[in-house]
Protein chains: 2
Amino acid sequence: MGSNDTKSGESQVARTIRPYRVTSFDVAAEAGVSQSTVSRALAGDPVVSEATRLRVAEAARRLNYHVDENAARLRTGKTGTLAVVLICRPGENRKDVNPFYFSLLGSICAAASNRGHETLVSFQDTTENLSGMYQEQRKADGVIVIGTTENREAWAYFQEIAGSGANIVCWGAPWDDLPWVRSDNAEGTRLAVRHLIDKGYRQIACIASETSPQRQFKERYEAYVTCMEDAGLQPHLVPIEKGLPRDEQGRRAMAALAQSGQAFDAVFAVCDEIALGVLEEMHARAIRVPQDVGLIGFDGLRAGAHVTPSLSSVEPDFQAAGSILVEKLLAMIGGKPDETRRAPVRLIERGSTQR
Amino acid sequence: MGSNDTKSGESQVARTIRPYRVTSFDVAAEAGVSQSTVSRALAGDPVVSEATRLRVAEAARRLNYHVDENAARLRTGKTGTLAVVLICRPGENRKDVNPFYFSLLGSICAAASNRGHETLVSFQDTTENLSGMYQEQRKADGVIVIGTTENREAWAYFQEIAGSGANIVCWGAPWDDLPWVRSDNAEGTRLAVRHLIDKGYRQIACIASETSPQRQFKERYEAYVTCMEDAGLQPHLVPIEKGLPRDEQGRRAMAALAQSGQAFDAVFAVCDEIALGVLEEMHARAIRVPQDVGLIGFDGLRAGAHVTPSLSSVEPDFQAAGSILVEKLLAMIGGKPDETRRAPVRLIERGSTQR
DNA sequence: AGAGGTACTACAAACGATTGCAGGAGAATC
DNA sequence: GATTCTCCTGCAATCGTTTGTAGTACCTCT
């Protein structure tokens with residue numbers, strides 16, 4: 001049964017031996033139809049009759065046949081695959097990657113899967129192996145880029161291929177020539193600052209970076225200034241030092257703030273990793289949280305739930321973020337623009353702001 | 001320039017229009033050789049002369065040619081891709097996935113990349129879309145499965161395809177019919193328990209599960225019993241409740257231990273997520289750590305570094321774990337067995353055991 | 001100069017699907 | 001019964017590689 005002689009015929013020219021594989025020709029023979037009908041039936045083409053479709057489906061099931069995606073892709077030119085690249089700091093251990101990106105990665109995979117696409121994931125800390133990896137080799141229909149902005153070189157590659165027409169969307173988007181999706185930073189910051197004010201904090205410092213390419217941080221800082229001014233309060237920036245791990249940046253900024261002599265009764269850190277460092281430094285300096293000083297972060301990291309006191313934060317809707325990225329990319333691939341670019345956020349009230 | 005008429009010739013039968021794409025025929029024309037020589041040259045076949053090879057490479061670069069992986073895969077039958085499946089609890093938010101698995105995922109991707117393979121990542125909380133996804137459709141050469149053991153159905157699918165000869169390796173491996181890789185739990189537990197003993201703790205309770213399919217937990221518990229007995233100490237099991245989030249399991253087990261009246265001066269939790277819950281419960285009960293009670297976990301979670309006191313733990317070498325998984329799978333695909341199956345571990349001494 | 005190597009290169013057949021077009025079997029109409 | 005439709009199915013080309021085999025050019029040696 002099921003010899004695919006319809007295809008190979010008599011021409012048994014020394015072919016590479018290979019484990020036998022069930023093809024659509026076998027299914028055709030089994031179902032008593034032609035190979036093209038099998039293809040159409042399985043693709044759900046309405047032109048094949050229901051009866052035939054069922055017969056083919058049954059035969060396929062019986063032979064345990066599955067479409068060879070590679071052949072289908074070769075023919076159609078579509079891969080049904082999205083590449084997801086997570087950019088790390090050079091030499092960074094996988095374990096030290098900001099968990100925020102992992103959560104985002106998870107929801108991107110989920111969203112892609114819901115839309116019937118696979119996800120080809122890679123971690124990039126170096127620019128090796130990047131050249132021509134994605135669309136050029138037809139491995140994916142488009143690319144989603146997420147991860148740290150502190151790896152200029154890796155991003156440069158994506159700016160380049162985006163410039164030459166590749167389908168690419170990224171999270172955070174440090175550079176204007178890349179289509180981006182970000183958290184609703186203005187709203188998130190407003191929630192955080194208003195929450196602090198509601199709790200009675202007034203001298204709220206902000207640990208942030210004005211100069212970093214991290215547009216998200218910049219947006220949050222600017223929104224912070226606006227909120228403070230609207231409330232008739234004085235904004236106070238504590239800048240972070242470049243190139244250090246985020247928690248270390250938090251520790252140092254907190255130390256700088258404490259030593260500056262500047263009065264403060266609350267701290268808004270532009271991301272949770274920084275906030276965790278801040279909290280450690282506060283403990284080291286015997287600053288009582290939330291009694292003496294309130295603290296709130298941004299990103300909704302899981303780790304924030306376990307520290308003492310637990311860390312209040314603003315959490316982007318990961319699920320939404322993932323699907324916005326995927327939808328935007330698919331829209332781009334389809335040739336029609338999609339202007340959604342902000343992921344909704346919500347406030348997580350935890351211990352560090354409850355006085 | 002570069003019309004691929006060598007191939008399509010005169011037979012311009014109504015073909016689907018499609019964006020033009022540079023093929024090896026174009027490169028052949030550009031370099032003045034045949035298409036097959038282009039293929040061989042680019043593949044580094046030693047049979048083509050160095051001079052020709054360079055000429056071809058140059059032509060390819062000039063035309064910005066890249067091998068179409070789909071065509072290559074169709075022809076060779078190899079995908080150069082490994083599927084990685086992360087099994088979640090049903091309905092679990094991507095954000096709540098144990099970060100341990102994310103770290104592992106990261107190093108698997110890195111290891112695969114080092115061996116020249118792509119990684120097709122998917123998250124599974126349901127068994128939908130699973131049927132025939134992997135080898136049958138030729139999307140990947142093999143599958144690595146990691147994730148929670150508390151999703152019996154998802155694992156069942158992999159047991160089934162493993163049974164029918166699919167190349168598959170998994171982490172933790174709750175069921176014997178799946179080839180597995182695990183942490184060196186015996187050594188890790190020995191490090192943890194000996195560390196507690198060295199610090200002067202004697203009444204060491206173990207929060208674990210004897211019955212869970214999680215073989216890793218079981219191995220750790222058994223090693224704990226051995227270590228305790230070797231040291232002439234009395235082992236004491238505090239069982240976890242099934243089906244709850246890990247941190248909640250930790251909280252409850254700790255509450256149960258405290259209420260049991262059983263004396264204890266240290267706790268060994270079989271994973272960090274549980275340990276974090278234990279720590280919270282200890283705080284809630286005003287148990288001073290590490291003065292009154294010592295605490296150590298397992299897995300080396302990043303979050304453990306930020307809690308107060310910071311959590312001592314045993315960390316598997318993620319990088320090693322990832323490459324062992326990948327090597328084992330590649331060996332399996334290649335048809336030769338690889339017997340390595342234990343990832344090395346190291347002790348992380350942090351605050352929760354420093355008295 | 002002719003024979004026998006050596007070292008490349010070209011030809012053409014797969015790989016397994018999708019899909020435009022032509023053709024065939026019935027049913028309906030005259 | 002012949003003709004026209006309507007549905008469906010089959011033929012065959014095509015996607016862009018890899019690779020077995022055949023062939024050509026150039027050397028070397030006698």
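Predicted model: local features only at pLDDT ≥ 70, side-chain atom pairs only at ≥ 80, totals over all residues.

Reader: Where is B:Asp338 placed in chain B?

Author: B:Asp338 sits in the loop that runs between α12 (318–334) and β11 (342–343) of chain B.

Reader: And which residues does B:Asp338 touch, leaving aside those up to four places away in sequence?

Author: With those left out, B:Asp338 touches B:Glu327, B:Lys328 and B:Ala331.

Reader: How far apart are B:Asp338 and B:Tyr20, in sequence and in space?

Author: The two are 318 residues apart in sequence, and their C-alpha atoms are 45 Å apart in space.

Reader: Let us turn to the overall form. How many helices and strands does chain A have?

Author: Chain A has 12 helices and 12 strands. Its C-alpha trace spans about 90 × 40 × 35 Å along the principal axes.

Reader: Now the two chains together. What rotation superposes chain A on chain B?

Author: A rotation of 180°, with 0.0 Å of shift along its axis, superposes chain A on chain B at an RMSD of 0.1 Å. That is the relation of a two-fold axis.

Reader: How many residues of each chain are in contact with the other?

Author: In chain A, 56 residues are in contact with 57 residues of chain B. Of the interface residues of chain A, 100% are also interface residues in chain B, so the copies meet through the same surface.

Reader: What area is buried between the chains?

Author: The area buried between chain A and chain B is about 4,900 Å², and carbon and sulfur atoms give 52% of it. On the side of chain A, A:Lys95, A:Arg302 and A:His306 lose the most area to chain B, together 16% of what that side buries.

Reader: Which elements of chain A give two or more residues to the side that touches chain B?

Author: They are α5 (69–76), α6 (99–114), β2 (118–124), α11 (272–284) and α12 (318–334) of chain A. α6(A) gives the most, with nine residues. By class, that side of chain A has 18 nonpolar, 20 polar and 18 charged residues.

Reader: And over all chains, how many salt bridges are found?

Author: The search of the whole structure finds 46 salt bridges over all chains. One of the pairs is A:Glu315 with A:Arg346, where the closest N and O atoms are 3.1 Å apart. A:Glu315 lies in strand β10 (residues 313–316) and A:Arg346 in strand β12 (residues 345–348) of chain A, so the pair ties together parts that are 31 residues apart in sequence.

Reader: One last topic, the backbone. Which residues does a cis peptide bond join, with omega about 5°?

Author: That bond joins B:Val289 and B:Pro290. B:Pro290 is in the loop between α11 (272–284) and β9 (294–296) of chain B. A cis peptide bond also joins B:Thr308 and B:Pro309, with omega about -10°. B:Pro309 is found in the loop between β9 and β10 (313–316) of chain B.

Reader: What about phi of A:Ala286?

Author: Phi of A:Ala286 is near 55°, a positive value in a residue other than glycine. Most residues other than glycine have a negative phi. A:Ala286 is placed in the loop between α11 and β9 (294–296) of chain A.

Terms used: Residues numbered from 1 in each chain as written. Chains lettered and ligands numbered in written order. Heavy atoms only, no water. Contact = heavy atoms within 4.5 Å. Buried area = accessible area lost by both parts, 1.4 Å probe. Helix = DSSP H or I, 4+ residues; strand = E, 2+ residues; numbered from the N terminus. Nonpolar A, V, L, I, M, F, W, Y, C, P; charged D, E, K, R; others polar. Least-squares fit on C-alpha atoms with pLDDT ≥ 70 in both. Salt bridge = Lys/Arg side-chain N within 4 Å of Asp/Glu carboxyl O.
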